[in-house]
Amino acid sequence: MVRLKQVTLDVLKPHQPSILEFANALGAQGADYQVRVRVAEMDERTETVEVVVTGTNVDLAELEETITTLGGSVHSIDEVLVSGAQQQD
Amino acid sequence: MLSSLGRLVRLTRSTALMRRYFVVNGFDGALTMLGLTMGFRMSGASDPKLAVSACVGTAIALGMSGVSSAYVSETAERQRDLKSLEQAMIADLADTEHGAAARLIPVAVALVNGLAPLSISLLVIMPLWLDLWGLTLPWAALDVTAVLAFLVVFLLGVLMGWISGRFWLWTGARAVLIAAVTAGLIVLFVR
């Protein structure tokens, strides 16, 4: 089975929740998720952030739903890392 | 439910606003009850039922006024904020936490704004209730009520000191001074 190991997203979000709360909410979606959020650009009401989520089996649809619930929107999927059927974790 | 509300309060940074509404309107409730009590005392009215009825009526009116005014103004402010954010995001945020906050935070703020004066008023007039129920108090019920109003005002002053990080005794004493000036004006104009 092919598994998504890492995904990099370009996300537009309001200033609230903060990137720490934002990362915590995304991290809570998977027991082994590691989340890195970096502010790329800041406007008066919004900020563009780069979100990198790493895990043994990242659920992209769930991540996108959480981002939407928090008021953000995924502009693009910039990078993915998948492991093939025979690869070990 | 409570954790969701807590998250929305944090999202909208509303904790300070609610705290401010609680203190301001609690102060309103305590001072209003002090004014009513002193008015009754100055007029020579001694019927506890009359005093309780007037005070409870006023407390309910304060509560309703607090709930309705805060709900109307907060809803308008939150909807304005949401629209501005939607324009910045170029997206409909109704189904997001920001949308939920715009709907629920005005309700929470309104409840704080209304329940603060209502509950503090009902607390202050507790001696009048006790008198009405036939419990013997060490002094006249109206006097005990006035003293309790001063005590509650002092405690709200202490709370303000705790919030602002200033010396609690000073902020408590300042609140009592305001209540004393209020009482003095009532004595001056009502006799």
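Helices (H or I, at least four residues) and strands (E, at least two) are taken as DSSP runs, numbered from the N terminus. The model is predicted: local features need pLDDT of at least 70 and side-chain atom pairs count only at pLDDT 80 or more, while totals for chains, interfaces and linings use all residues. Residues are numbered from 1 along each chain as its sequence is written, and chains are lettered from A and ligands numbered from 1 in the order in which they are written.

Along the principal axes, the C-alpha atoms of chain B fill a box of roughly 65 × 35 × 30 Å.

Helix 2 (residues 15-43) and helix 4 of chain B pack with axes 8 Å apart at an angle of about 30 degrees; axes are lines fitted to C-alpha atoms, for helices over the stretch in contact, and angles run from 0 to 180 degrees between N-to-C directions. Helix 2 of chain B and helix 4 of chain B are therefore roughly parallel to each other (angles under 35 degrees).

Ten residues of chain B are in contact with eleven residues of chain A, contact being defined by C-beta atoms, placed from the backbone, that lie within 7 Å. Helix 3 (48-89) and helix 4 (97-124) of chain B each give two or more residues to the side of chain B that touches chain A. Helix 3 of chain B supplies the largest share of that side, four residues.

Terms used:
Contact = placed C-beta atoms within 7 Å. Parallel < 35°, antiparallel > 145°, perpendicular 65-115°, else oblique.
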